[in-house]
Amino acid sequence: MKQSITLGKVTKFIGLGFLSTIKDLFTGKLEKQDFINFLRKIVVPLASILLFIGLWHMGAKTLYNIEADFKIEKALTDQGPAAADALRTCIASGESSCQPNTLPSPSQVWDSYKSLLRDHNIIAADKAAFIEKTAALNETRIADGLDAITYTGRPSFVDQIFRSLKTVFAGFLLALFIAVPLGIFIGLSPTLKSAFNWFIQIFKPVSPVVWYLLVFMIVKTLLIDSNEDSSFTISFISVGLCSMWATLVNTAMGVSSVDKDYINVAKVLKLGNFQKIFKVVLPSSLPLIFTGLKITLSVAWMVLIAIELLAQSPGLGLFVWEEFQNGANDSNAKIIVAMFVIGIIGFLLDRLMLTIQNWVSFDKTDAI
Amino acid sequence: MAYLELNNIYKTYGQGENETEVLSNINLKIEEGEFVAIVGFTGSGKTTLVNLINGLLEPTKGEVLFKGQPVQGTSHERGVIFQNYSLLPWLTVGQNVYMAVKEAFPKKSKKELNEIVANYVEMVSLTPAINKRPKELSGGMRQRVAVARALAMKPEMIIMDEPLGALDALTRGNLQDEILNIWGKDKRTALLITNDVDEGIYMADRIIPLRPGPNATLGPEFKIDLERPRDKTEMNDNANFKETRNAIIEYLMDIGDERKSENKEQIILPELSPKDFVNQFK
């Protein structure tokens, strides 16, 4: 019994409260209200997902037909009826060389997803074999003071995801370490606030592309002597700079708008400045800081794709760009797979932040 | 020399044309060990007066002397109980008290500090709730924590700014007794600000009405000659109590009326009558 209570609490805590309905279904504690909740929280979303896939399928089919008709029509006028007939049979047979290039259907996307996974398994096996093969050699190389031989093969789709996550977390941490302390200083001192205000107002709306170019100009010169690939450095710094503004503004606001009662308490207790900041000001502005961090993380994930694409830094952004340039038969489907993966990871990151936020902050609405 | 002395205090807010004088010509003397209540209407400047005494505000003119020394900023010698509890919501009851105790006695060891915290939490009978956060407590319990926090710093004077204002009548009565009990143990000097005349009479040695602001000033003092410990039910039949109570209320009512008649500016309402729908459509 205790187990199920904690399960319910946990699911609610991470913002997946609707899962508890499923639990009730299995424990047999279902009442009428639960049934309505079940309909609303499980059946309705599932139905809407099915509807979405259905509409997508029909839309893709229509686009496919338009494209196919156009191709056949063109063959007829350019090359004559024989060529048109050949093309028609070719399209109908499903031959990959003559398929119309348009929005892929759900089943094509699913196939591409499976093929990407297969591809990953092959690459992973290849990599493992390579590491095994070079293990002994690398040991002697390291003993001789040489660099170890690393696997330089093509990264798989899953590798790209992890690389993107790495970039986004590096950027997020950069934003955290710049924006939170700076926000605290700005919030505490009206002088600093007016000194930084123009800076925030002007740079906040700047587009990710421009941030990338700016970071590129600076990092390129700084790393001029280094042989290392600077694309990762450039992309994570750009992501951090793009996304830090929400945290900066929210922290400054949270710190400058601490309840006057708490400040009075700090004064009456004669807390020192350090104590006042860490025991009163920061805890009371924590909810706002976390709201800022949540926005920062989602913005970071959003701009990451564009920045990876520009920086040619391996990751989902580059994957999308390369598939688009590639123009292979299943490229469009792979792009859609990447789109869903990006969306789902973004959603999970948001939930992660929400969980941390619930965990560290008190409920401001109830507090007096 | 009085323990706490307010000499010709003036306090204004704002500048230039927007300047309003909240307090004017406040003179007050409180002796050591005395329990003084200041009674006034809401918005008469009571909280401003309290903040001048505890050092959160500085007077525009005049001086506040505490033990002969001018008050400069807050001090651990003057403990404050705020009207709205002002507990830190992210700390538990124990942590709220601990924070205050640690500031008041920085040299004591952690163990000693924890003992003090436990003692004072016990004193306000909140030991079972020591690990709860303020939002899990009722209003009365929160105010008890605030009382424990103020007293645990062992202040020489307790300043209470409408401490029971937000509580229901029953809880109010209980807490009045608790505060009096604690006060009775070592007879610290106490200043109570309240809007409840009965509360003032029940708790204090002297009651001083505050004439409502702007330009609020203190009225004539009323001495309460009732034996301690006082009993609420007996008090209601006590002729002395009735007399004092009526006198104070009469005084407060009078100044209330005075203010109304001073307010000569009349608002002229436009003459309106309901539209004559019946005749309009005939």
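1. Strand E3 of chain B (residues 35-40) is largely enclosed by the rest of the structure, because six of its six residues are buried. A residue is called buried if 20 or more other C-beta atoms lie within 10 Å of its own, exposed if 12 or fewer do, and partly exposed in between, with C-beta atoms placed from the backbone. Helices and strands are DSSP runs numbered from the N terminus, a helix (H or I) having at least four residues and a strand (E) at least two. This is a predicted model, in which local features need pLDDT of at least 70 and side-chain atom pairs count only at pLDDT 80 or more, while totals for chains, interfaces and linings use all residues. Residues are numbered from 1 along each chain as its sequence is written, and chains are lettered from A and ligands numbered from 1 in the order in which they are written.

2. Which residues of E3(B) point one way, and which the other way? B:Phe35, B:Ala37 and B:Val39 point to one side, whereas B:Val36, B:Ile38 and B:Gly40 point to the other, and all are buried. In a regular strand the side chains alternate between the two faces of the sheet.

3. Two strands are said to pair if DSSP finds at least two bridges between them. Five bridges link E3(B) to strand E8 (residues 189-194) in the parallel sense, and B:Phe35 has B:Ala190 as its bridge partner in E8(B).

4. Strand E7 (residues 157-161) of chain B runs parallel to E8(B), joined to it by five bridges, and B:Ile159 has B:Leu191 as its bridge partner in E8(B).

5. Strand E1 (residues 4-13) of chain B runs antiparallel to E2(B), with seven bridges between them, and B:Thr12 stands opposite B:Glu21 in E2(B).

6. How many helices and strands does chain A have? Its secondary structure comes to 13 helices and zero strands. Of its 368 residues, 27% are buried. Two residues are in contact if their C-beta atoms, placed from the backbone, lie within 7 Å. Among the contacts in chain A with a separation of 6 or more, 71% are between residues 24 or more positions apart.

7. The two chains meet through 17 residues of chain A and 18 residues of chain B. On the side of chain A that touches chain B, helix H10 (260-268) and H11 of chain A each supply at least two residues, and H10(A) gives the largest share, six residues. By class, that side has ten nonpolar, one polar and six charged residues. Here Ala, Val, Leu, Ile, Met, Phe, Trp, Tyr, Cys and Pro count as nonpolar, Asp, Glu, Lys and Arg as charged, and the others, Gly among them, as polar.

8. A:Gly292 lies in helix H11 (residues 273-311) of chain A. It counts as buried because it has 27 C-beta neighbours inside 10 Å. Not counting residues up to four places away in sequence, A:Gly292 touches A:Ala246, A:Thr247, A:Val249, A:Asn250 and A:Thr251.

9. A:Gln312, in the loop between H11 and helix H12 (316-326) of chain A, has a positive phi of about 55 degrees although it is not a glycine. B:Ser125, in the loop between helix H3 (110-123) and helix H4 (139-152) of chain B, has a positive phi near 45 degrees. Most residues other than glycine have a negative phi. A:Gln312 is partly exposed, because 15 other C-beta atoms lie within 10 Å, whereas B:Ser125 counts as exposed, with 12 C-beta neighbours inside 10 Å.
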